[in-house]
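Please look through the sequence and the model below before reading on. The paragraphs after it are meant to be followed with the coordinates open.

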Amino acid sequence: MSRAPRPEPRVTAILGPTNTGKTHRAIDRMLEHDTGMIGLPLRLLAREVYDKVVTRRGSEAVALITGEEKRVPADPKYLVCTVEAMPVDRRVAFLAVDEVQLAGDRNRGHTFTDRILHARGAVETVLLGASTIAPLLERIVPDLRIESAPRYSKLTWAGSRKLASVPARSAIIGFSAEQVYENAERLRAVHGGAAVVLGALSPRTRNAQVAMYQAGEVQHLVATDAIGMGLNMDIGHVAFTALRKFDGRHHRALSAAELGQIAGRAGRYTADGTFGTTREVGDLDPELIDAIEQHSFPPLTQLYWRSSDLDFANTASLLRSLRVPPPQPFLLPTYGEEDEDALEALSKHPSVAPLITGPDAVRRLWELCQVPDYRKTHTTAHVELLAELAGHLLGPDGVVPDDFVERALARLDRTEGDIETLMSRIAWTRTWTYVAWQRDWTVHPGRWQQLTRAVEDRLSDALHERLTARFVDRRVTLVLGGTSTPGAVTIEGGQVEVGGIPVGTLRDGTFEPGPHPPPKPALAAIRRRLRSELLPLLDELDAADDAEVTVTPDARLVWRDLSLGRVTQGPDLFEPKIMVGRWDLLEPAERERVRARLEGWRQRSVASLFAVLERPAARHLSNAGRGLLHELRRGLGSVDVERVEDLVEQLKDADRQALAKLDVRLGTRTVYVQSLLRPAPMALRALLWSLHAGRRPLMEAPKDGRTSVPLAGWPRPGLVAVGFRPMGDVAVRVDVIEQAANDLRKWARGGASARDKIMSRLGCRPEDVDGVIRALGFRPGPSDSLRRAGGRR
């Protein structure tokens, strides 16, 4: 009986935008099988996935294979690789390729297309990427099953803003080292620093920069499109500072899908993200914004392709096989690639051409052409290095001698120099790392693998230090706390501390650095932090009760230990002038908001002083009654009878009844408003008089319910303004004067002595009582009698 045909392995495409968990799903599926392989677009991603799989299955079960690093145990079940380094001839049950839309990339596309066409798992194959490749995948992969992967979080356009205003936890994107450095310098001046991520950085340097950002030591990440397929980071906003890039051949505008890939780094898991531009770029087209927000981009119409059926008979036949036309019109030929150019150059090189003696030499030479030019300088230096290597690999010994590798690494193992110098050394070192990890290229590969790694690590650490020194002011990060949550700004009594460190004072909304100020970037960061602390206070100030605003003896307006400004003499007694402080931490509109709040405090305070005179009874007053109220206002609540005698005489009974309801008392010496003799109204009366009189320090009204005070040390007009009148050597409150006068009249008519009673009312010394009695028009007589001193009552 014949055996049933073996079922074809299923091929699934999981397609969707960034932050959809596609890679995580692929890892889970791989681990459901006994064996598996996954190809990733970046060495960093391969290392991240490798660590995850090792955590779940152990290091003996997992291999890491990249051009520069191989960790292969004796019998690995799972292989984590870069796409270019995938050993596709190895049989595994499960195989996955990540970011397959890169098949449409001019520089690397042909490798991804090859994996799409030819790399298969024995049981299951999964292709991961953007939905833009879906139509072409369906054309070239038979019986493809597509699964959609929706984004976990929302991505929203946030508009255009100045670079200095880009919020914390943002990635600022440029497309050249020059743009990245310029952006980082500007952010250092404004925010104290930024982490830097470039494609040219070594993985170790890039990880160190990202770790600094993730730890909150800096609040901004400046990067190229290298983060588009980078590690997961805590990015809330992506800001583009340019929309054009050099792709290795031409300067061109980024496609909508490329912008969407980068913008999609904003938002992590279910946390929503935003994207925008800087002012130099301006707003994006509305249709482009909608496309990025909806993750809806035009589908790819072409993929790059290069034949994998190579002819190694000689270099000419190899070049011809590389240039075979693609089998489908939507597959674009890839000509002039780095390895192809190197092959053509080496085949004509005078020191190499004689060594190319047969198919084995051609195959060996082609392997050598795969050594990447990590410097990306497009000079002949890379080809010359390959020619030297070819001289050894194609020579009699067939290996690169130890002394040759040692001399090269010795020249590179130096940590002095600037950023560009260190990046160049790292690029050369990565080339030697690649060489060290190739099978049978050196006599002692293990030794060189360890040494190249050590040199690259030392250079990478030095580069991280240089980047940090140039683009991060450590004193600023110290002031700001250096954690994921910067130290809170505290303002106590005008003293400003950040993270517990005294940094200066805040007065009238203006920050004044202390005697040993931090550097300018730190000051800028502190001022920005102070501003962020002050802005919420404006809302609280608006909502605060007027009683919370106090006036100091030097006429400063204070709220919660913050000096808001000053109040000074104005055009009228009831219109003192409000002068808002400098408040240079606020914008003009925000300072106007403070001024409007203080103007409102002034108007309501004055209105509250005379609110009692606005009761309904006031509407029933005659002209004389209304005139009396006017005089009471001008007198801040009290007026001598002599001044308003004519008005008082014109009052009718109805007026007197209405005035009583308004708390107005018609005394024999003073007309006054009884309720305005309480402590709070008296304090306001003292303030208004002091401001109008230009007195400094401001006069305080008598406190603690005192009914008399010594005249010495008090301005007489000020005492009159708050409802007191001079009586001998003391000033007495007007309502108590009326009570004392009444007591004296009874005494003068033969009643009992009122001396003790009057002294109790006045709260003064015994010797001051006689002065008050005489001032009220009476003279003490013999045997504790009292007589009038004149005709006045």
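The text goes from the chain as a whole to its sheets, and then to some single elements.

This is a predicted model, in which local features need pLDDT of at least 70 and side-chain atom pairs count only at pLDDT 80 or more, while totals for chains, interfaces and linings use all residues. Residues are numbered from 1 along each chain as its sequence is written, and side-chain values use heavy atoms, with hydrogens and water left out.

The confidence of the predictor in each residue, given as pLDDT on a scale from 0 to 100, has a mean of 88 over the chain, and 94% of the residues reach 70 or more. Where pLDDT is low, the predicted coordinates should not be read in detail.

As for overall form, the C-alpha trace spans about 145 × 60 × 45 Å along its principal axes. The radius of gyration, taken over C-alpha atoms, can be set against a globule rule of 2.2 Å times the number of residues to the power 0.38; a compact globule of 793 residues would have a value near 28 Å, but the chain has 44 Å. The chain exposes about 36300 Å², of which carbon and sulfur atoms supply 50%, with accessible areas coming from the Shrake-Rupley method with a 1.4 Å probe and, for residues, only the protein chains shown counting as cover. Buried residues make up 52% of the 793, where buried means under 20% relative accessible area, exposed over 50% and partly exposed in between, with a 1.4 Å probe and protein chains only. Among contacts between residues at least 6 apart in sequence, 66% join residues at least 24 apart.

The secondary structure comes to 26 helices and 34 strands, which are DSSP runs numbered from the N terminus (helices H or I with at least four residues, strands E with at least two). Two strands pair if DSSP finds at least two bridges between them. Because 5 of its 6 residues are buried, β1 is largely enclosed by the rest of the structure.

Further along, an open sheet of 6 strands has the order β9-β16-β13-β10-β12-β11, with parallel pairing. Its edge strands, each pairing on one side only, are β9 (155-161) and β11 (195-197), and the twist averages 25° from one strand to the next. Within this sheet, β10 (residues 170-173) and β13 (residues 237-240) pair over 4 bridges, and I172 stands opposite A239 in β13. Helix α7 (residues 256-263) packs on the sheet, touching β9, β10, β13 and β16 (273-278), and its direction makes about 140° with that of β13. Helix α5 (residues 177-191) lies across β10, β11 and β12 (220-223), running at about 165° to β12. For these angles, axes are lines fitted to C-alpha atoms, for helices over the stretch in contact, and the values run from 0 to 180 degrees between N-to-C directions.

An open sheet of 3 strands has antiparallel pairing, in the order β27-β29-β28. Here β27 (638-640) and β28 (664-666) are the edge strands, each pairing on one side only, and neighbouring strands are turned by 10° against each other on average, direction ignored. Strands β27 and β29 (residues 670-673) are joined over 3 bridges, and V671 in β29 is the bridge partner of V639.

Two helical sites complete the tour. Helix α9 (residues 315-322) is largely enclosed by the rest of the structure, because 6 of its 8 residues are buried, namely T315, S317, L318, L319, S321 and L322; what covers these residues includes α10 (338-347) and α11 (359-369). In helix α15 (residues 445-471) lies A462, which counts as buried because its relative accessibility is 5%. Leaving aside neighbours within four places in sequence, A462 is in contact with T415 and L422, and the C-alpha atoms of A462 and D418, 44 residues apart along the chain, are separated by 9.5 Å.

How values were computed:
Contact = heavy atoms within 4.5 Å.
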